Each structure stands twice: as C-alpha cells, then as structure tokens.
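Dear colleague,

I am handing over the structure below, and after it I set out what was found in it. Please keep it open beside the text as you read.

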Amino acid sequence: MFDKYFEKAFEEILKKEGGYINHPNDSGKSTNFGITEAVARKHGYRGHMKDLPVSYAKNIYYTDYYKNPRINEIINDKLRMEVFDTAINCGTKTAIKFLQESFNLINPGSQLSVDGIIGHQTLKQINNYKSQNRLFVLCNALQAEYYLKITRNNEKNESFIFGWLDKRVFN
C-alpha cells in the first residue's frame, strides 16, 4: 500500500513527533505520534490517545498528509519531504500555499494560484522547475516565518518554538 519513499518519510516524522504527549500549552491537546486527538477521532479512533497504534497514525499520515493532498506527486525527494513535514505540523493547505508562494516569488510574473491545492498546474510547474533546492529553501524559510508569527501571537507557543525550529527548519 505504501510507497518506498513514504516508508522512509514516515520514519523521519516519527523521530520528530515522538510518542504520547499531553502538553498543557499544546492547542492540539493530547497527541500520539504527532496525531491530535481530534484527527484520530475524525478517523474513527475511539481509544485513549496513549494507546493509538502506530499503524493507525501511519494510515492517517498517508491519506491526510501525503496521498490525498497529492504531495506524493512532487518528484524531488527533498522538496516532497519539506512539504510533507510542513503539512503535518502547519496543515496541508498552509504547506501547499508555501510551495506555491515560493514558486511565484522566485519566478517573477508567475501566475501559479496560491490556493493550498496541488492541482495539475502546480504539479507541472513545480516538477519542471530546474532549481528544486531554491524551492526547498524558500518553503523552509516560510515555515520558519510561520512559527515565529504564531509564537509572537500566542505566548503559549514559546514552549515549542525551539523544538519547531530545531526539528523542522534547521534540520
């Protein structure tokens, strides 16, 4: 069911997300393997979050954050991982908007719609772009900017800013 790339990416995500966490400042409340209780419930999980099977989390990551938003169709491995990781931590629409905005910023005159949806045009433009590393770096910069903004707007996020930056931006 899972492609080879997803298997590797999932292992990387588990290293970043860890296991069960119920941090009082986390707006996602209790999480396990990075899956919030709300997302687990949406997928039919009814048990305690401490007991969420890793296979359940893996299926959620595959469907919600990889396959359905079409992140799996990004050809460049490094860029695909950046968008996938950002989707998990910031939301799929946000991650895809970062990708689309990055493309437009480094391609003056580009008309790629910044709608948070990977469609035919986004895939064509992104996958045919010659400097994938530029896209990666700019997406990563927008991710850092996002973390700084949400931390400035909510002091509870100060608990997480260095972890987000260390695990997701500087990594």
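Is Arg70 buried or exposed, or does Arg70 count as partly exposed? At 28% relative accessibility, Arg70 counts as partly exposed, where buried means under 20% relative accessible area, exposed means over 50% and partly exposed lies in between, with a 1.4 Å probe and protein chains only.

Before going further, please note that this is a predicted model, in which local features need pLDDT of at least 70 and side-chain atom pairs count only at pLDDT 80 or more, while totals for chains, interfaces and linings use all residues. Residues are numbered from 1 along each chain as its sequence is written, and side-chain values use heavy atoms, with hydrogens and water left out.

Two backbone positions

Arg70 is placed in the loop between helix 3 and helix 4, helices (H or I, at least four residues) and strands (E, at least two) being DSSP runs numbered from the N terminus. Its phi is near 70°, a positive value in a residue other than glycine. Phe33, which is not a glycine either, has a positive phi of about 55°. Phe33 is found in the loop between strand 1 (31-32) and strand 2 (35-36), and Phe33 is buried, with a relative accessible area of 17%. As background, most residues other than glycine have a negative phi.

The nonpolar cores

A nonpolar core is here a set of buried Ala, Val, Leu, Ile, Met, Phe, Trp, Tyr and Cys residues joined through side-chain atoms within 4.5 Å. The largest such core has 39 residues, and those with the most contacts inside it are Ile35, Leu52, Tyr61, Tyr65, Ile71, Leu79 and Phe84. The elements that give two or more residues to this core are helix 1 (4-17), helix 2, helix 3 (54-67), helix 4, helix 5, helix 6 and helix 7. Leaving aside neighbours within four places in sequence, Phe84 is in contact (heavy atoms within 4.5 Å) with Phe6, Ala9, Ile13, Tyr61, Tyr65, Tyr66 and Ile71.

Met49, in the loop between helix 2 and helix 3, is buried, with a relative accessible area of 2%. Neighbours within four places in sequence aside, Met49 is in contact with residues including Tyr20, Ser30, Ile35, Glu37 and Ala40. Of these, Glu37 belongs to helix 2 (residues 37-42) and is partly exposed, at a relative accessible area of 29%.

Helix 5 (residues 92-106) has 15 residues and reaches 21 Å from its first C-alpha to its last, close to the 21 Å expected at 1.5 Å a residue, the expected span being 1.5 Å times one less than the number of residues. Its buried residues are Ala95, Ile96, Phe98, Leu99, Gln100, Ser102, Phe103 and Asn104, and what covers them includes helix 4 (77-90), helix 6 (120-128) and helix 7 (132-153).

Among the buried residues of helix 7 are Leu135, Phe136, Cys139, Asn140, Leu142 and Tyr147, and their cover includes helix 4, helix 5, helix 6 and helix 8 (161-169).

Helix 7 and helix 8 pack at an angle of about 175°, with their axes 10 Å apart, the axes being lines fitted to C-alpha atoms over the stretch in contact and the angles running from 0 to 180 degrees between N-to-C directions. The two helices are therefore roughly antiparallel to each other, since angles under 35 degrees count as roughly parallel, over 145 as roughly antiparallel, 65 to 115 as roughly perpendicular and the rest as oblique. The contact is made by residues including Asn140, Ala144 and Tyr147 of helix 7 and Ile161, Trp164 and Arg168 of helix 8. Asn140 is buried, with a relative accessible area of 10%, and, neighbours within four places in sequence aside, Asn140 is in contact with Glu82, Arg168 and Val169.

The cysteines

The structure holds zero disulfides, a disulfide being a pair of cysteine sulfur atoms within 2.5 Å. Cys90 is in no disulfide, and the nearest cysteine sulfur, that of Cys139, is 11 Å away. Cys90 is buried, with a relative accessible area of 9%, and Cys139, at 3% relative accessibility, also counts as buried.

With best regards
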